[in-house]
Amino acid sequence: MSFALPFLVIFAAGAFAAYHRLRLAVWAALAITLLVAAWLLGASPVASAIAAALVALVAVPLLVPAIRKPLLTAPALGFLRKALPPLSQTEKIALETGSVGFEGDLFSGKPDWNKLLAYPKPQLSAEEQAFLDGPVEELCKRINDWEITHVHADLPTELWDFIKRNKFFGMIIPKQYGGLGFSALAHHKVIQKIASISSVVSATVGVPNSLGPGELINHYGTQQQKDYYLPRLAIGQEVPCFGLTGPFAGSDATSIPDFGIVCKGEWNGANVLGLRLTFDKRYITLAPVSTLIGLAFRMYDPEGLIGDTRDIGITLALLPRDTEGVDVGRRHFPLNSPFQNGPVRGKEVFIPLSQLIGGVDMAGKGWNMLNECLAVGRSITLPSTASGGAKAGAVVTGAYARIRKQFGLPVGRFEGVEEALARIGGKAYAISALSQATAAAVDRGDVPSVPSAIAKYHCTNAGRDIAKDIMDVIGGKGIILGPRNFAGRSWQAAPIAITVEGANIMTRSLLIFGQGSILCHPYILKEMRAAQDPDAKAGLEALDGALYAHVGGAISNAVRSFWLGLTGSRLQATAGDAYTKKFFRKLNRYAANLALLTDVSLGALGGRLKFKESLSGRLGDVLSHLYMMGAVLKRHHDEGCPEADKPLLAWAFHNSAYEIELALSQALRNFPIKPLGWLLWPVVFPLGRRAVAPGDRLSHRVAMLLMAPNEARERLASGVFLTPGEHNPGGRINSYLAKAILAEPVERKFLKALKTKDIEALDFASQLDEGVREGWITAEERKQLEELHAITLDTITVDDFDAHELRAASYYDGRADDGRRAVA
C-alpha cells in the first residue's frame, strides 16, 4: 500500500481538481502537497518521487507557454488545419448566425442554473394584455372554423377585414410606422390563443409577423422602403408573402436555381439599372392573396454593371404582385387546411435595384438575412401554434373524459385512457414552457438559432403526439368532422407544422446538434477560427488558449459524468428549492454526459460527424430535453413553485430524463467507432440506465388534474380561447365540467335506484318523473339530471350531413343534381 499510495494521491487530487474545475497550477500544488503528506505518513520514497516526477512531467510543459506552444500547440494547429473540412460560405453563415444564450451553458457540462432562474420573468405590458383581452378575444369569438375549412376554404371577408383593421399583421412593426410594436412574448401569446380555436387563422396572422417582407424590411430595409412599405403592411393594405422554397430547393435553400441578372430596363417609364428575375416557387403561404412578394434568388452581374463580382450570391427583393411577368399560380390545398398557400412564378421579370431589400449594399447578403430572421420567426409562430392547440386540447379532452361515460364510469377513469391523458397533459405543460422560453429569449435580445430549432422540432412533434392521443381518447367524436368536432382538423393539419420551416427530420438530424455543437460550445468555434486563420502566429495564439481550456473541460466532464452517475447525482450543491433540487442535479449529470460525448464525437470523427446523422440526432435529443427541462423549471420558478403543478412538472421531467438516457444509450451502442462506445459506456452509465418513463401513479395524478377544476388546470389552460359559444365546441365542453362533477352524486343515486327498483318507464323523462314521485330524487335534483343529460348530449353528439352538403361547390357549377345547387 505504501508504494501505491502516492499514485492514488495524485489520481484523487486530479479527480477532485477536474470535478471542481480547478486550474492546472492548483492541481499541481495540491498534488505535491498531498505527496509530501503521504511521504511523511510512510509512503514509499521511490513511489513518491516517481509520482512527483509525473506531476512535473504533466504540469511544466502545460504551464510554461514557451514550452507548450512549440511542443504541443503548434503540432495541434497543423493537425487541425489538415483535419478540419473546409467550410462553404453557406455553412460559415449558418454556424455564425445567431447568439448564444443559456444553451451555451449546457455544452459547458456544468450549467449555472441560477443564471437561468435569474432571467426576468416574462411579462406582458398593459397594452399587450389589453389587446389579448380585447381584439384577440373578439377575433376568436368571430371564428367559425367549420365554415372556414369546409364551406369557404378561406377566411370570410369580414374576418379578413377585422384582422387588417386591428393591425394583426403589424404586431412586429414598430409603432413609428403604424404597427403595434409588440414584444415577442405578446406575439407568442396572440398566436397561441388564436391557434387554440383555428390553426388556419393562426397561420394567416402568424406568417406576416414571421419570416417575410415585414421583418426583413424592418431589420434591413432602406429608409425609403421602411417609410413606404411598413405602414401599408401594418394595416393590411399590403398582404405579404415570401418565396424561398422551390421544386428543386427545399431544405437545401442555398441551392435555389432562381436567378436575377443585373441589366438595364424600363420601370415606371424610365430606363434604370435593375434585374431580370426568373423564378419558380411553391408552398408559399399567403401567395394567392398577397400584394407584396418577397423573393430569394441568386444574383449575377455578368457585365460588371455594379462591381467586379460576377456571382454576387443569394439576394432578397420585393416584387409588387402587379409587376409585369409575375404569375401567382392557383392554390395548394395542404391536408384540408385551407390557409392561403400556393406557387409564385416569373420569367425575366424586371425590377429596379431599389427593390432589393436594403438596396444594393445588401446584395449577396440574403442568406445572412434569412438565417437571422428565421431564428426569430421560427422561435414563435410554429411553437406557439403547437402550444395553443396542445393546451386547449388537454383541458377539453380532460373534460370530455370526465363527462363521457362507459360501463357506468367516466372514460377517464380507465387506466388505458389515463395513460393517454397523462401524455397529453405532461407534454402540453412542457411545450407551453418551451414555446414561451424561446419568445422570452428573443425579448432579451437573443437571436436564438439553436433554441428556435429545438422549439420548432419538439413543439410540433409533441403537438402531433398530443393530437393523436386526443383522437384516441375521444374516439368517434374526433373522427366525425363537422361543427361539433374540436379535434379533427388539428389532427389533419399536424403534419404541416412538421414539414415547414425546416423539415423535422432535417432539423433533428442536422441542425440542432450540428449547429449547436459548434455555435454553442465554449471552445469549438474558437478552435476552428484559429485553425483557419491565415495569420499563423495569430492562429497559434488563439488556439493555445482555447485548446488547453478545452482539454481541461473534457477531462472535467468525464470525471463529472462518472461521479454523478455513480452517486445518482445526489452529492452536489445546485439551484432550486427543496422539491426541484433533485431535478437540477440530474440535469447537471446529463449536461456533463452531453459535453463529454460532444467532445469525443468531434475529436474522434472530425468532419465526418456531419454525415453521422443518427448520432447527431440522438445527441440533439439530449440537448433538446436539457433545454426544455430548463424552460419547464424556469417557468415553475417564475410562477412561485405552485404545489398543485408538481404532478405536471414531475411527469414532464421524468419523461425527458427517460428520453435523454435512451438517446445516450443509443448513441453509445451505435457509436461509429465501436471500442470507443464500449469505453464510454461505464463513464456515462456506471450503474447502468436508471431513468424510467413516468409511472402509473404519477400518470393517474396528471390525468386527475385534467378531469377536475383546479388551479393547476387553470394555469395550464391560461392564454387559450375557451369562451363557450356556438362555434367553439371545445369551449362548451370545458364549461360543462364543473356542472357535470356536481351532478355525479345525484346521478349515481338515480342510477342505483333504476337498477334496484321496479321502474316501468323506459324513456329518460318518464324515469325522472317516476323518480320524483317515488322520492328517490328531489325536484331540484331532477333539474340537475336534466341539465347533465343535455350537456352530456352536446359533449358526445357528432354531426351528419345530406350528401350534397359534402360535395365541393365546383361539383354543382353548371350541373343539376335533384334540384339542388350549392351556394359558392
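Here follow questions and answers on a surface patch, a pocket and salt bridges in a predicted model.

Residues are numbered from 1 along each chain as its sequence is written, and side-chain values use heavy atoms, without hydrogens and water. In this predicted model, local features need pLDDT of at least 70 and side-chain atom pairs count only at pLDDT 80 or more, while totals for chains, interfaces and linings use all residues.

Trainee: Which element gives the largest share of the nonpolar patch?

Mentor: Val60, Leu63, Val64, Ile67, Leu71 and Leu72 make a nonpolar surface patch of about 440 Å². Patch residues have over 30% relative accessible area and no salt bridge, with nonpolar side chains (Val, Leu, Ile, Met, Phe, Trp, Tyr) joined within 5 Å. Helices H3 (45-63) and H4 (65-83) each give two or more residues; helices are DSSP runs (H or I, at least four residues), numbered from the N terminus. The largest share, three residues, comes from H4.

Trainee: Is Asp105 buried or exposed?

Mentor: Asp105 forms a salt bridge with Lys115, with the closest N and O atoms 3.2 Å apart. A salt bridge puts a side-chain nitrogen of Lys or Arg within 4 Å of a carboxyl oxygen of Asp or Glu. Buried means under 20% relative accessible area, exposed over 50%, partly exposed in between (1.4 Å probe, protein chains only). At a relative accessible area of 13%, Asp105 is buried.

Trainee: What separates Arg715 and Glu711 in helix H29?

Mentor: These two form a salt bridge, Arg715 to Glu711, with the closest N and O atoms 2.9 Å apart. Asp645 is linked with Glu711 and Arg715 in a network of salt bridges. Because Arg715 and Glu711 are four residues apart in helix H29 (residues 711-717), the separation is about one helical turn.

Trainee: How many residues apart in sequence are the parts tied together by Lys739 and Glu787?

Mentor: Lys739 and Glu787 form a salt bridge, the closest N and O atoms being 3.2 Å apart. Lys739 lies in helix H30 (residues 729-756) and Glu787 in helix H32 (residues 779-796), so the parts tied together are apart in sequence by 48 residues.

Trainee: Which helix gives the largest share of the lining of the second largest pocket?

Mentor: A pocket is an open set of points on a 1 Å grid over the protein atoms alone, where a 1.4 Å probe fits, with protein on both sides within 12 Å along at least five of seven lines; lining residues have an atom within 4 Å of a point. The second largest pocket is lined by 40 residues, with Ala18, Leu22, Val551, Gly552 and Ile555 nearest its centre. The largest share, 14 residues, comes from H23.

Note on methods
Patch = residues over 30% accessible without salt bridge, like charges linked within 9 Å, V, L, I, M, F, W, Y side chains within 5 Å. Areas by Shrake-Rupley, 256 points an atom, 1.4 Å probe, with all protein chains shown as cover.
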